[in-house]
Protein chains: 2
Amino acid sequence: MPSGTPQPAFVLVRPQMGENIGGAARAMWNFGLDRMRVVAPRDGWPNERAVALASGAGRLLDEAVLCDDLAGALGDCQYVFATTARPRGLTKPVVTPERAMAMAREMIARGEKVAVMFGPERAGLENEDIARANAIVSVPVNPEFASLNLAQCVLLMSYEWGRQSIEAEDEVVELAGSEWASAIEVEKLAEHYEGRLDEAGFFFPPEKAEGMKIVLRNLWSRMRLTRSDVQMLHGIMRQMVRWKDRG
Amino acid sequence: MPSGTPQPAFVLVRPQMGENIGGAARAMWNFGLDRMRVVAPRDGWPNERAVALASGAGRLLDEAVLCDDLAGALGDCQYVFATTARPRGLTKPVVTPERAMAMAREMIARGEKVAVMFGPERAGLENEDIARANAIVSVPVNPEFASLNLAQCVLLMSYEWGRQSIEAEDEVVELAGSEWASAIEVEKLAEHYEGRLDEAGFFFPPEKAEGMKIVLRNLWSRMRLTRSDVQMLHGIMRQMVRWKDRG
């Protein structure tokens, strides 16, 4: 059973090598983190190589949540970080690991669910993945030499979480206002808009459609919607369609 | 030639596996550290495996100072840290990596030379080695599970050094390749939506219209739009109206 300690979930997106999955589990458990989610691992699941390399942290793999797609893995989360070597063309807040884990700590203390995504070894996260994140975490490495592998990146984020836990004097900040929408609510909003805008002929020309959809999704995730925002945005789209149908 | 940046020397004491020596070099250079000293490596020097694993950080190995004994490696240093998994019976200050690197920074700024020792993979530093240190650095790992290898330990210390080097630009939100919209652009967007949604009958019942408009405006301002966001949102509304007109 996972520990009861409130903590972020670490989401390995399409990981390739079992070694790295096992290494990531070890890295996490060194700092008391034990909520792993695994999206579409290249070599299937369970992964023997991962189990062998996880040694004493094998429990994390047994208990890892396996998902077919990223939407499923992030569905219950109110805030999602994407780790990338370098920010790539998407308009999105970029924060240090330190800042990210401080933010995560505050949100988790308020009862929100937070995820941190890690991309596959070779290429890292795709823009389509990053579009689902509220913010990008970038480790400030030497611009002349950036060579962190998956397990190392997980290690640094875990260390940051642990480091701040030591000094955390529970200064929980109460946020005035509303409840944040969960990723699944945002996902449904994105689908609603995509569907209707598709019918309306918005995504044109066809070869640009994918890119336009990513930009739109990126907007929804970046702006951190509350539940009432989501309701209003649904309402706007519904009303436009009603107007059309009446006309 | 080593970089001119003032920094601590990282001393690998009797390292065993070439992989770990190469990994340590990579870890250091990720955070701009390039002063390595190597004491009595088990497999001699140079170490081919280490060179192979160091990839782009091979220069650190070429320039590493090779020493027969620890005394020689630490001779010119005014302050020495020993990294250990757990403090072992020696009366010696024990500090976190964070505190250690803050101390190192101060001492180095005063022109003093600082070293950080890392023990061999299997057993770690001997008490005899630790006795040469001014303080112990202990990474605050999970008491139930401590499994950091040599390269990971070097990585965490390097990260701490790097983390403290960058300015606290925490709150700064960097934008990947876009400009923020000006207030007047946001205002025009709000007017566009209000006008069309009014025609569409969205603001209903009338006594709630004012409140709904404020919520909508608040959304636009809260999410901090870029110019391209504004263009897209205009485009969405225009397309919905075109759809209606076609229908």
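Student: How far apart do the C-alpha centres of domain 1 of chain A and domain 2 of chain A lie?

Tutor: The C-alpha centres of these two domains of chain A lie 28 Å apart. Domain bounds come from an automatic or database domain assignment; for chain A it gives domain 1 (9-165) and domain 2 (183-246). This is a predicted model, in which local features need pLDDT of at least 70 and side-chain atom pairs count only at pLDDT 80 or more, while totals for chains, interfaces and linings use all residues. Residues are numbered from 1 along each chain as its sequence is written, chains are lettered from A and ligands numbered from 1 in the order in which they are written, and side-chain values use heavy atoms, with hydrogens and water left out.

Student: What area is buried between domain 1 of chain A and domain 2 of chain A?

Tutor: Buried area is the accessible area (1.4 Å probe) that two parts lose on being put together, summed over both. Between domain 1 and domain 2 of chain A, about 1,100 Å² is buried, and carbon and sulfur atoms give 50% of it.

Student: How many salt bridges does the rule find across the interface of domain 1 of chain A and domain 2 of chain A?

Tutor: A salt bridge is a side-chain nitrogen of Lys or Arg within 4 Å of a carboxyl oxygen of Asp or Glu. The rule finds one across this domain interface of chain A. Within chain A, a salt bridge joins the side chains of A:Arg132 and A:Glu187 (2.6 Å, N to O).

Student: How many residues does each chain bring to the contact of chain A and chain B, and what area do the chains bury?

Tutor: Contact means heavy atoms within 4.5 Å. Chain A brings 64 residues and chain B brings 63 residues. The chains bury about 5,700 Å² between them, with 66% of it on carbon and sulfur atoms. In chain A, the residues that lose the most area to chain B are A:Asn30, A:Phe145 and A:Trp243, together 12% of what that side buries.

Student: How many salt bridges does the rule find across the interface of chain A and chain B?

Tutor: The rule finds four. The side chains of A:Glu160 and B:Arg163 meet in a salt bridge, at 3.6 Å, N to O.

Student: Which elements of chain A supply at least two residues of the side that touches chain B?

Tutor: Helices (H or I, at least four residues) and strands (E, at least two) are DSSP runs, numbered from the N terminus. Among the elements of chain A that each supply at least two residues are helix H1 (18-30), helix H7 (150-167) and helix H10 (227-246). H10(A) gives the largest share of that side, twelve residues.

Student: Which peptide bonds are cis, from A:Trp45 to A:Pro46 and from B:Trp45 to B:Pro46?

Tutor: A cis peptide bond joins A:Trp45 and A:Pro46, with omega about 0°. The bond from B:Trp45 to B:Pro46 is also cis, with omega near -5°. A:Pro46 sits in the loop between strand S2 (36-39) and helix H2 (48-54) of chain A.

Student: Is B:Pro120 buried or exposed?

Tutor: Buried means under 20% relative accessible area, exposed over 50%, and partly exposed in between (1.4 Å probe, protein chains only). B:Pro120 counts as buried because its relative accessibility is 9%. B:Pro120 touches B:Val13, B:Arg14, B:Gln16 and B:Leu125, not counting residues up to four places away in sequence.
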